[in-house]
Amino acid sequence: MDFSHLHFDCRIDDPKRVAEAFAQSECVALENAFDREKLGEIGEVCRAFFAAVEGRDSPTPQERSTLITGSAGAMFVGDVLFSDGPQFHERVCSFLREQPIVPFLNAILGADSAAFLQSALGVRRKNPRAETTLLPFHQDAFHWAGLNDARPSITAFTPFSDVGAAYPGLDLIARKFERLLPLSEDPNASSPHLHLAEELLSADDLAHLWSPVVRFGGAIVFSGRTPHRSQHSAMNAAARLSMDLRFVDAENPPEHYRDKWIFDLASGAYRAEGPSGLKRLPLGYRPRKRPAA
Ligand SMILES: O=C(O)CCC(=O)C(=O)O
């Protein structure tokens, strides 16, 4: 299947046109979504963190509290990472406000809606040679208990390198799903808390399997209902670092995400909100309940 109608360039394409394509397939690839130099600076901070932690047998308690390893691969949410100035979420908000992707996110999520950069912001290191770090098919809306089908949410997958060939990207089912699919009942499912029942994907769904090639500076944007997984077809590829930015309508956030960054997509203004003072943000990965049939 040809997916070129889902591939856009933020330098030349119109956000409205992109939003129309997104409304059909609930996923798009956006080239030149970020300023490469500025994205590279964030990438270096993340790379340095992983290099420091991996080079030591025993990470410090502070490092350990930011890093999750296991079926999701190494991943961190970085709010306690830095002693020099802004913490990670604030760095990302301040970086994001001037990025070419913002009007596209605004158009995709809905015109005037301020969206919040929710605390499931994560940075992952995927090693394609360690199969256990690759995520199976899942829908991101499942990460957020209480996120119902009606609540719009989008993920902007932001790699720190070209993906889809030398570095593994994502496989997505590029079509609209009206609801969340049930979890796999396979007792050997690799990630039982998020692995969806792949047998429920039809041949027609699988015909929409898309593995976009995106250059550094680009993003893959998809809805909370889009089934996706770590790309499997690049097992000889190098390890990849990427950042997941997740947005929901700020008017209608999932209740348990009381700590959040409100990011106004129209103006680029942002602020932190939450009872914990954002010292320790909740992680995106938590066991979830099976959705009602
Ligand atoms: O980084 C990956 O391989 C998977 C990312 C993902 O599934 C997500 O951002 O929800």
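The model is predicted: local features need pLDDT of at least 70, side-chain atom pairs count only at pLDDT 80 or more, and totals for chains, interfaces and linings use all residues. Residues are numbered from 1 along each chain as its sequence is written.

**Whole protein.** Of its 293 residues, 44% count as buried, a residue being buried if 20 or more other C-beta atoms, placed from the backbone, lie within 10 Å of its own. Among contacts between residues at least 6 apart in sequence, 78% join residues at least 24 apart; a contact requires C-beta atoms, placed from the backbone, within 7 Å.

**Helix 4.** Select residues 88-96, helix 4, where Phe88, His89, Val92, Cys93 and Leu96 are buried. Viewed down the axis of helix 4, these buried residues fall within an arc of 135 degrees and therefore line one face of the helix. The arc is taken over the directions from the helix axis to the C-beta atoms.

Strand 8 (residues 170-173) pairs with strand 11 over three bridges, in the antiparallel sense. Along this pairing, Asp171 has Arg229 as its bridge partner, and Leu172 stands opposite His228. Turning to strand 9, strand 8 pairs with it over two antiparallel bridges, and Ile173 stands opposite Leu209.

**The ligand.** Finally, select the ligand and the residues around it: Arg124, Lys126, Leu135, Asp140, Thr155, Phe157, Leu170, His228, Ser230, Ser242 and Asp244. Such residues have a C-beta atom, placed from the backbone, within 6 Å of the molecule. Strand 6 (122-126), strand 7 (153-159), strand 11 and strand 12 (240-249) each give two or more residues to this shell. By class, the shell has three nonpolar, four polar and four charged residues. Ala, Val, Leu, Ile, Met, Phe, Trp, Tyr, Cys and Pro count as nonpolar, Asp, Glu, Lys and Arg as charged, and the others, Gly among them, as polar.

Key
Two strands pair if DSSP finds at least two bridges between them. Helices (H or I, at least four residues) and strands (E, at least two) are DSSP runs, numbered from the N terminus. A residue is buried if 20 or more other C-beta atoms lie within 10 Å of its own, exposed if 12 or fewer, and partly exposed in between; C-beta atoms are placed from the backbone. Two residues are in contact if their C-beta atoms, placed from the backbone, lie within 7 Å.
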